[in-house]
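Please look through the sequence and the model shown below before reading on.

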Amino acid sequence: MSESGDIHIDHLYKSYSSLNMEKEPVYVLNDINLDIKDGEFHVFLGWSGCGKSTILNIIAGFVEKTQGSVQIGGNEIYKPGVDRGVVFQNADSAIFSWLNVWDNIEYGLRIRKSPKPERSEVVRRCIHLVQLDSHEKKYPHELSGGMKQRVQIARSIANNSHILIMDEPFGALDSQTRRIMQNELIQLWRDTGKTILFVTHDIQEAVYLGEKISVFSRAPDAKIIRTIDLPQPHPRDLTLPSFKTIIQDIQDLFAEEYVI
Ligand SMILES: Nc1ncnc2c1ncn2[C@@H]1O[C@H](COP(=O)(O)OP(=O)(O)O)[C@@H](O)[C@H]1O
Ligand SMILES: [Mg+2]
């Protein structure tokens, strides 16, 4: 099987059956077409309820699509796989409260019966990557929100997931911790070359992080109304005029889109 993280989305539609009521289907996502290159940092930006979690969950293999195609490395996606690691906004429901940091990160490797010395080496490296070195014996209730997000991220990397799927992962953090985590994520992306799919409703966060930003229209029938290229290097200074223009353009796009 191909190791490529190229993602190809073709005429994707999603309707939750509970919304159908025996009438015409109500599509949450209506004809999404998108190519994401291996190693790309791709941000999905849109307001609440537009279908961002839905599309991530389809790519992760948790939610069934209604119509269309989603391929990774040329293979159609229909279930979760270790090639994709998911980082959720709510770390408390994603990490095991009864396992310490080390054991949470080691969990997937243990399940797959990876040999112990190799396993320890991988866990140690991942803990170091997310800067939790002195916290490996701590339990989730002893960790801050940012540290719990680091555990989720480290666990995905330990599982050797080539694609990191992140659903508003820093949304619940205070602004200072959030900026630290954003910078760490950029560093990790550079160090590992992983493909990152990152959902946010925050325009500033999208422009601070993304190599590409796909802007969603409102639901129902959400589409990608624009995909913006951002080749500018990181770290980015959003007070520069060029970034201010991009932020203003996106705000204008939303103002048009969400007009009542
Ligand atoms: N399991 C579900 N069953 C029915 N409707 C759902 C389900 N999950 C999400 N929806 C609906 O689909 C739309 C998009 O939701 P979601 O993907 O969570 O949006 P976002 O993440 O952008 O806030 C919303 O109207 C939401 O109510
Ligand atoms: Mg969501």
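Two strands are said to pair if DSSP finds at least two bridges between them. Strands (E, at least two residues) and helices (H or I, at least four residues) are themselves DSSP runs, numbered from the N terminus. The model is predicted: local features need pLDDT of at least 70, side-chain atom pairs count only at pLDDT 80 or more, and totals for chains, interfaces and linings use all residues. Residues are numbered from 1 along each chain as its sequence is written, and side-chain values use heavy atoms, with hydrogens and water left out.

Four strands, in the order β2-β1-β4-β5, form an open sheet with antiparallel pairing. Its edge strands, β2 (29-36) and β5 (75-76), each pair on one side only. In general, strands of a sheet pair through backbone hydrogen bonds, either parallel or antiparallel.

Strand β1 (residues 7-14) pairs with β2 over six bridges in the antiparallel sense. Within this pairing, Ile 9 has Leu 34 of β2 as its bridge partner, and Lys 14 stands opposite Leu 29 in β2. β1 also pairs with β4 in the antiparallel sense, over five bridges. Here Ile 9 stands opposite Val 70 in β4.

Helix α1 (residues 52-60) lies across β1, β2 and β4 (67-72), and runs at about 125 degrees to β1. Such angles run from 0 to 180 degrees between N-to-C directions, and axes are lines fitted to C-alpha atoms, for helices over the stretch in contact. Contact means heavy atoms within 4.5 Å.

A pair of helices comes next. Helix α5 (residues 145-158) packs with helix α6 (residues 175-192) at an angle of about 15 degrees, and their axes are 11 Å apart. α5 is therefore roughly parallel to α6, a term for angles under 35 degrees. On the α5 side, Gly 146, Gln 149, Arg 150, Ile 153 and Ile 157 take part in the meeting; on the α6 side, the residues are Thr 177, Ile 180, Met 181, Glu 184 and Leu 188. The residues of this contact divide into five nonpolar, three polar and two charged. Ala, Val, Leu, Ile, Met, Phe, Trp, Tyr, Cys and Pro count as nonpolar, Asp, Glu, Lys and Arg as charged, and the others, Gly among them, as polar.

Finally, the loop between α5 and β7 (163-167) holds His 162. Is His 162 buried, partly exposed or exposed? His 162 counts as partly exposed because its relative accessibility is 22%; buried means under 20% relative accessible area, exposed over 50%, and partly exposed in between (1.4 Å probe, protein chains only). The C-alpha atoms of His 162 and Ala 60 are separated by 12 Å, although these residues are 102 residues apart along the chain.

Definitions and conventions. Chains lettered and ligands numbered in written order. Parallel < 35°, antiparallel > 145°, perpendicular 65-115°, else oblique.
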